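Please keep the sequence and the structure in view while reading.

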Amino acid sequence: MTEFALVSSPAHQIHRPLRAWSAVLLLTGVGVLNYADRFLPAILAEPIKAELHLSDTAIGVINGFGFLIVYAVVGIPIARISDKGAFGLVIAGCLTLWGAMTMLGGVVQSGYQLAATRVGVAIGEAGSNPAAHAYVARNFAPERRAAPLAVTTLAIPISSAAGLLAGGMLAEYLGWRAAFAILGGLSVAAAPLLLAVLGPRQAMPPTPAPARAVVIKWWELLRIPNYVAIVAGVACISIAGYSLSTFAPAYLMRVRDMSLSEVGVQYGIASGAIGVLGLLVVGRLADILSNKDRRWLLWLVIAIIAVALPFSILAFIVTQAGLAVFFIAMSYIVGAAYMAPSVAAIQLLVPTELRATASAIFLSAAAIIGASGPFVTGLISDTLRDDIGVASLGRALIIVPVAQVLAGICFALAAKGFNEKVIDNGPVLLEP
């Protein structure tokens, strides 16, 4: 009788598989809106630059430091609310805020005003991903987490394709301001549905004593060397990924003479298709292989980097536009496929009550360090422009493969002794 009462107690309830997977699919849709709204100024960088008279450095600051530093700072306090089980409230509130601020971006008249609206978008988006990661960790057993995390991470390549296609086509025919208004409005409209499926709050179980003995305060996460190495690796991937997402569309238009709609269709479809395929394969492999050895969660990221590295180098060397699109899309797969195994690995290292916080620290550090990527890329491009003209942007983007190599080294260090650091957070219990 005691065991039955324990399982059916509200303190131990989690969502049943059908509802949990429904939430995962909805969170994927929310993630698509998240990343599409986040990278919209990068997709539309050329028309925005022309109208608001901005430099590559300014675009790098707005999409880099200006956005990502705010994202990093507010992510941890919002995650502490999520760790109390308020997944639905946090994500729905964040969704409403970033959608509204994206819409305001469509009426700005200067670079400073655009930067201010991006600060609002950053605050909204900062709380969404950590809460989503914690929801998955709460509602799926450890050996089954990589697959749902991979599904939610499908938002990255899907949003890239959707943002490039929708943003490019809308901007081509209606103007870049209309693209901001429409995509932002979709985010605001989706918030009530998200809240209905996830519910305002989910009861959290007490953490087993062994887990509390490992980590008591959130800052003690930084004493786990494997966790720190994963964060460092992801930060390097972010340097490459943010540089690529900020300047790849501009590179294809400026250096390879493609139109905005051509970039939207060709690069959008290529990056979306390759990213989705890569994520599905990696997510499935992560679940299968990590059951044999949990270090495969980290080894898979190293393998992805090794496969993509030659394309990252060739992407900004080849002169044929079609090859450049394909190679950039292949390089982009690192920034999409690393997330699911990385988050699954992190969730194994931390106790239940710190899962969202661990993801927030992980994303915040990646954002702070990753913010340097667009800024440095834009600065190098502007510095070299007088000497080599438009080719300067391609030279600056060589930062992408360099950062990817550093990421691979960090993940190799994270794999050392990883299994010995894994925490048993107890069994997964279904709601009655």
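A residue is called buried when its relative accessible area is under 20%, and exposed when that area is over 50%. The model discussed here is predicted.

**Helix 11**

By that criterion, the buried residues of helix 11 are Trp-176, Ala-179, Phe-180, Leu-183, Gly-184, Ser-187, Ala-191, Leu-194 and Leu-198. The partners of the buried residues of helix 11 are helix 2 (17-43), helix 3 (45-52), helix 6 (87-104), helix 7 (111-126), helix 8 (128-139) and helix 10 (155-174).

Helix 11 covers residues 176-198, and its 23 residues should span 33 Å at 1.5 Å a residue; the end C-alpha atoms are 33 Å apart, in agreement with that expectation. After helix 11 comes Gly-199, which has a positive phi near 80°.

**Helix 16**

**The nonpolar core**

The largest nonpolar core has 142 residues, and those touching the most other members are Leu-44, Tyr-227, Ile-230, Leu-252, Tyr-267, Ile-328 and Phe-362. Helix 13 (residues 225-254) is the greatest contributor to this core, with 17 residues. In soluble globular proteins, nonpolar side chains tend to be buried together.

Which residues does Tyr-267 touch, leaving aside those up to four places away in sequence? They are Leu-164, Ala-248, Pro-249, Leu-252, Glu-262, Gly-272, Val-325, Ile-328, Ala-329 and Tyr-332.

**Aromatic pairs**

The whole structure contains six aromatic pairs. One of them joins Tyr-251 and Phe-316 in an edge-to-face arrangement, 5.1 Å centre to centre with 80° between the planes. Tyr-251 belongs to helix 13, whereas Phe-316 sits in the loop between helix 15 (296-314) and helix 16 (321-337), so this pair ties together parts that are 65 residues apart in sequence.

Phe-326 and Phe-327 make a tilted pair, because their ring centres are 5.9 Å apart and their planes stand at 55°. Through ring pairs, Phe-311, Phe-326 and Phe-327 are linked into a cluster. The table gives the accessibility of the residues in the two pairs described.

| Residue | Relative accessible area | Class |
|---|---|---|
| Tyr-251 | 1% | buried |
| Phe-316 | 9% | buried |
| Phe-326 | 38% | partly exposed |
| Phe-327 | 10% | buried |

**Cysteines**

A disulfide is a covalent bond between the sulfur atoms of two cysteines. How many disulfides does the model contain? With a cut-off of 2.5 Å between cysteine sulfur atoms, the count is zero. For Cys-410, the closest cysteine sulfur belongs to Cys-236 at 4.6 Å, which is too far for a bond. Cys-410 is buried at 16% relative accessibility, and Cys-94 is likewise buried, with a relative accessible area of 8%.

Terms used: Residues are numbered from 1 along each chain as its sequence is written. This is a predicted model: local features need pLDDT of at least 70, side-chain atom pairs count only at pLDDT 80 or more; totals for chains, interfaces and linings use all residues. Side-chain values use heavy atoms; hydrogens and water are left out. Buried means under 20% relative accessible area, exposed over 50%, partly exposed in between (1.4 Å probe, protein chains only). A nonpolar core is a set of buried Ala, Val, Leu, Ile, Met, Phe, Trp, Tyr and Cys residues joined through side-chain atoms within 4.5 Å. Helices (H or I, at least four residues) and strands (E, at least two) are DSSP runs, numbered from the N terminus. Contact means heavy atoms within 4.5 Å. Rings of Phe, Tyr and Trp (its six-membered ring) pair if their centres lie within 6.5 Å; planes under 30 degrees apart count as stacked, over 60 as edge-to-face and the rest as tilted. The expected span of a helix is 1.5 Å times one less than its number of residues.
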